[in-house]
Every structure is written in C-alpha cells, then in structure tokens.
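Please look over this model before reading on. My comments are set out as numbered points.

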Amino acid sequence: MASRHLSRSIVMQSLYEWDFGGRKPESLKAVVERNLQEFGPGLEDESFVWQLINGVVKNIAKIDKIIEKAAPEWPINQITIVDRNVLRIGLYELIYADKKEVPFKVAINEAIELAKAFGGDSSGKFINGVLGTVYKQMEESSGKEDNNKEK
C-alpha cells in the first residue's frame, strides 16, 4: 500500500474512533499515536498523517457546513461515521491541500477508495457525488472570479 494511501487510512480510522468516542479533544493524539503504531509500522513519514488530522480538526466546522450544503437531504449526524469522516478528509484535501501535492482528482479518488474500503455498498457513490458537487461549485466560482478579473 502506498505511503500516502496508508496515511489516509490511518487518519480515517483515527477520526472514526475519535468521532465515535464523542470527539474529545484530549483523546485525539493518543488515538492517532496508537493507530500509527498498530497500522503504520515502518511508515516513512508520519507528518502527512498529522497534517491531515490537524487540518481536518482545525476546519471541521467549515467542512461540516460544506457537507450539509452539498448533501442537504443528509443531516451531518445521519451520515454514517465512516462516510462523514471520509468526506471530511476528502474535502480538507480538495479545499485546503496544496494542489501541486494533491490534485483535485487525487483527493476525490483517494476519498472514494477509502469509502469503498471502510464504508458500505453505496459509500463510494455517495462520496463521489458529494465531492463532485463541491468540486463543480469550486470550478464555477473560480471561473466567475477569472471572468471578474478580466473585466
């Protein structure tokens, strides 16, 4: 398994456990460290795991609002814990990550793969639909910005 994909898997498992346990800020570090030991022995660079964890947690309120907007028929607390956290990771990478490091399509594809590995039968389609909606909105708004700059 590629190093970054393994890192994303560890992040997903850690966010799942943290979310399931009531999102206690003081427990997150221990959860991540335990999952790194259990699932990531020999992982060359743990900094990507911490970058994702810290980025998702720092922006979780904004990310959750984006999820609610992109999937209005699914209140955030009714989305399965796996799907909710895969979306958080995917949206963090889609919106906040360095695009040279994580292109849009990579962020979406990685999230879909996590959903297929950890979620239910329809998780991949659901994740693809939500991230695709957000990506289209991002493209449209950046197109409008470009048009405004030209005027």
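1. Basis. This is a predicted model, in which local features need pLDDT of at least 70, side-chain atom pairs count only at pLDDT 80 or more, and totals for chains, interfaces and linings use all residues. Residues are numbered from 1 along each chain as its sequence is written, and side-chain values use heavy atoms, with hydrogens and water left out.

2. An unreviewed UniProt entry annotates residues 7-136 as "domain: NusB/RsmB/TIM44". Over residues 7-136 the chain is 75% helix and 0% strand. Helices are DSSP runs of H or I, at least four residues, and strands are E runs of at least two, numbered from the N terminus.

3. Core. The largest nonpolar core has 43 residues. Such a core is a set of buried Ala, Val, Leu, Ile, Met, Phe, Trp, Tyr and Cys residues joined through side-chain atoms within 4.5 Å. Val-49, Val-86, Leu-94, Ile-127 and Leu-131 touch the most other members. α5 (81-96) is among the elements giving two or more residues, and α5 gives the most, with 7 residues.

4. Leu-94. Beyond its neighbours within four places in sequence, Leu-94 contacts residues including Phe-104, Ala-107, Ile-108 and Leu-131. Contact means heavy atoms within 4.5 Å.

5. Helix α6. Residues 104-118 form α6. Its buried residues include Ala-107, Ile-108, Ala-111 and Leu-114. Buried means under 20% relative accessible area (1.4 Å probe, protein chains only).

6. Glu-110. Glu-110 lies in α6 and is buried, with a relative accessible area of 18%. Its side chain makes a polar contact with that of His-5 at 2.6 Å. A polar contact is a pair of N or O atoms within 3.5 Å; within protein, one must be able to donate a hydrogen and the other to accept it, and residues adjacent in sequence count only if both atoms are side-chain atoms.

Terms used:
The expected span of a helix is 1.5 Å times one less than its number of residues. Buried means under 20% relative accessible area, exposed over 50%, partly exposed in between (1.4 Å probe, protein chains only). UniProt positions are given in the numbering used here, feature names are shortened, and annotations may be inferred rather than shown by experiment.
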